[in-house]
Amino acid sequence: MKALTRMFARRRDARLLDQFFARYQGRTLIVHQGLALDWLEELLKLGGGGGHFRIDARKSPGRHSPVSWLAHRFILPLDLPLPVLCDVGPTTIAIRHLHSAGRPCHPADIAWILEDMRVRARVHATLSRHSHELVADLGLPVADNAYEMDLGG
């Protein structure tokens with residue numbers, strides 16, 4: 001009976017992963033457990049700031065919500081300081097926390113962090129075609145969240 005339950009769980013997980021990538025590839029997510037109102041207001045003032053999908057992980061995952069399922073099943077267990085920024089590719093997710101010096105970065109820094117994390121992410125998750133699961137490769141240590149700003153000089 002346990003083997004049958006695991007088989008159905010794997011099929012459900014594979015279906016949710018496919019739905020997640022179909023919906024969110026090419027997009028960015030901010031996974032959080034509550035955002036301060038002033039931080040959110042600053043984010044929304046920025047050009048493109050409202051374009052990040054904000055996923056509140058305090059809510060239980062919906063039965064058919066691939067993004068909420070992914071946040072609870074994969075991102076929260078990474079035990080990174082929240083919020084985290086996720087850059088979703090066709091079969092990859094680059095993940096980096098938005099904390100520096102013990103507090104969330106300023107929302108204006110997200111553009112710099114997004115550019116930098118394509119090379120220096122905390123976690124690079126890749127969808128394995130063989131097992132149809134996310135495989136995480138750890139990168140940047142949690143304590144090292146400095147990012148390089150290109151000041152054009």
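What follows is a short exchange about the backbone and the sheet of this predicted model.

Me: Why is aspartate 79 called exposed?
Reply: Aspartate 79 has a relative accessibility of 66%, and exposed means over 50%, so aspartate 79 counts as exposed. This residue lies in the loop between α3 and β3, and aspartate 79 has a positive phi of about 60° although it is not a glycine.

Me: What makes the peptide bond between leucine 82 and proline 83 stand out, and where is proline 83 placed?
Reply: The bond joining leucine 82 and proline 83 is cis, with omega at about 5°, and proline 83 belongs to the loop between α3 (66–75) and β3 (84–88).

Me: How do you know that β4 and β7 pair, and in which direction do they run?
Reply: Pairing requires at least two bridges between two strands, and 4 bridges join β4 (residues 92–97) to β7 (residues 123–127), which run antiparallel. Threonine 92 stands opposite threonine 126 in β7.

Me: Why are β2 and β8 said to stand at the edges of the sheet?
Reply: The open sheet has 6 strands in the order β2-β1-β3-β4-β7-β8, with mixed pairing. Both β2 (53–56) and β8 (134–138) have a single partner strand, so one side of each is left without a neighbour in the sheet. Direction ignored, neighbouring strands of this sheet are turned by 25° against each other on average.

Me: Which strands does helix α4 touch where it packs on the sheet?
Reply: Contact means heavy atoms within 4.5 Å, and helix α4 (residues 110–117) touches β1 (28–32), β3, β4 and β7, while its direction makes about 55° with that of β3.

Notes
Residues are numbered from 1 along each chain as its sequence is written. This is a predicted model: local features need pLDDT of at least 70, side-chain atom pairs count only at pLDDT 80 or more; totals for chains, interfaces and linings use all residues. Side-chain values use heavy atoms; hydrogens and water are left out. Helices (H or I, at least four residues) and strands (E, at least two) are DSSP runs, numbered from the N terminus. Buried means under 20% relative accessible area, exposed over 50%, partly exposed in between (1.4 Å probe, protein chains only). Axes are lines fitted to C-alpha atoms, for helices over the stretch in contact, and angles run from 0 to 180 degrees between N-to-C directions.
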